[in-house]
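Reader: Good afternoon. Could we go through this structure together, one topic at a time?
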Amino acid sequence: MAKVKYYYDSETLSYRKIKRNKSTTFKYVAVFLTAAALFGFLMVFIASQYIESPKERQMARELQNMELQYELINKRMDDAIAALENVEERDNAIYRLYFEANPIPTEQRRAGFGGINRYKKYEGFDNSKLIAESNKRLDILEKAIVVQSKSLDEIAKLAEDKEKFLEAIPAIQPISNENMTRMASGYGYRTDPFTKVRKFHYGMDFTAPRGTPIYASGDGVITRADSQSTGYGNHIRIDHGYGYISLYGHLYKYNVKVNQRVKRGDLIGFVGSTGRSEAPHLHYEVFKDGERINPINFYYGNLSAEEYDILLRKASLENQSLD
């Protein structure tokens with residue numbers, strides 16, 4: 001039940017009931033509602049400035065987690081860049097140097113991206129700089145990895161070519177030390193056994209009994225196995241590629257045919273004394289780009305340092321050749 005209010009009327013000296021008309025009631029209600037609305041708005045404004053809503057707290061946590069993730073990603077990129085730089089250093093200082101390839105300049109490995117702004121889509125956010133910088137570093141890292149990958153592909157090809165080259169070079173003594181009587185004559189001026197005149201001897205003579213095995217000094221293809229070259233008698237020529245050819249003279253018989261492919265160490269023939277020869281021996285020559293060169297430089301494949309030193313001293317003696 002609503003309370004009834006009275007006021008004291010001094011003229012009549014009595015209490016009278018307060019009567020409230022509708023306009024006054026509406027005015028009071030309007031004032032109350034306006035004040036309440038203003039108060040509520042003020043409280044909401046204050047709360048929005050100083051008190052976070054559950055949704056805002058959730059978004060703040062997500063933003064904080066995102067910043068942490070970007071920091072972790074940048075740390076991992078630092079580690080990846082450090083590892084890649086180590087590979088790049090070895091690539092330039094070891095691999096490419098060994099295979100005689102030009103190093104890749106840093107400018108090429110770390111080149112950015114010119115032209116249009118690739119990171120414009122990241123602008124306008126609270127962490128635009130962080131996001132854009134992270135994506136930029138990631139792009140540069142990806143490009144550097146692509147450059148390094150192509151470089152390693154090139155190194156692999158160079159290594160394959162180098163391996164074929166090393167296998168092809170005539171790098172072993174064509175007669176084993178166990179079967180060889182002695183190294184009779186080396187490369188250089190020697191006394192001719194028939195004319196007794198001093199002339200240049202273009203190969204090395206290895207004395208050995210007739211029928212001693214002769215081995216290919218490097219991988220290659222048999223280009224000749226005949227007696228149609230003056231002075232050499234039965235002889236074999238192997239084309240090793242890369243400008244190298246080896247020649248084996250005065251053979252007793254062959255163990256190969258023309259166009260046959262041989263590997264280093266394959267048995268190709270047997271020692272004899274055919275052609276212009278004074279005694280059973282192997283006359284061995286090496287050609288590079290059509291020029292005869294000293295075979296003494298090509299025995300690193302099967303001789304120890306001590307054996308090579310002994311062979312070198314014997315080959316340097318100016319004595320009489322056997323052919």
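Reader: Where does S277 lie?
Author: This is a predicted model. In it, S277 lies in the loop between β13 (267-271) and β14 (281-288).

Reader: Is S277 buried or exposed, and why?
Author: S277 counts as buried because its relative accessible area is 13%, and buried means under 20%.

Reader: Which side chain makes a polar contact with the side chain of S277?
Author: That is the side chain of S273, at 2.9 Å.

Reader: And which residues does S277 touch, not counting those up to four places away in sequence?
Author: S277 touches F194, H250 and L322 under that condition.

Reader: Let us turn to β13. What order do the strands have in its open sheet?
Author: The order is β7-β13-β11, an open sheet of three strands with antiparallel pairing. Its edge strands are β7 (213-215) and β11 (251-254), each of which pairs on one side only. On average, neighbouring strands of this sheet are turned by 35° against each other, direction ignored.

Reader: Over how many bridges do β11 and β13 pair?
Author: They pair over three bridges, in the antiparallel sense. Y254 has G269 in β13 as its bridge partner.

Reader: A new topic: how many cavities of 30 Å³ or more does the structure hold?
Author: The structure holds one such cavity. The largest cavity has about 30 Å³ of space.

Reader: Which residues line the largest cavity?
Author: The lining is formed by R190, T191, D192, K199, F200, H201, S321 and D323. Two or more lining residues come from each of β4 (188-191) and β5 (198-201).

Reader: Which element gives the most to that lining?
Author: β5 gives the most, with three residues.

Conventions. Residues numbered from 1 in each chain as written. Predicted model: local features only at pLDDT ≥ 70, side-chain atom pairs only at ≥ 80, totals over all residues. Heavy atoms only, no water. Helix = DSSP H or I, 4+ residues; strand = E, 2+ residues; numbered from the N terminus. Buried < 20%, exposed > 50% of the residue type's maximum accessible area, 1.4 Å probe, protein only. Polar contact = N/O pair within 3.5 Å; in protein donor to acceptor, adjacent residues only side chain to side chain. Contact = heavy atoms within 4.5 Å. Pairing = 2+ DSSP bridges. Axes fitted to C-alpha atoms, helices over the stretch in contact; angles between N-to-C directions. 1 Å grid on protein atoms, 1.4 Å probe; cavity = no way out; pocket = protein on both sides within 12 Å on 5 of 7 lines; lining within 4 Å. Points joined across faces, edges and corners; volume = space filled by probe spheres on them.
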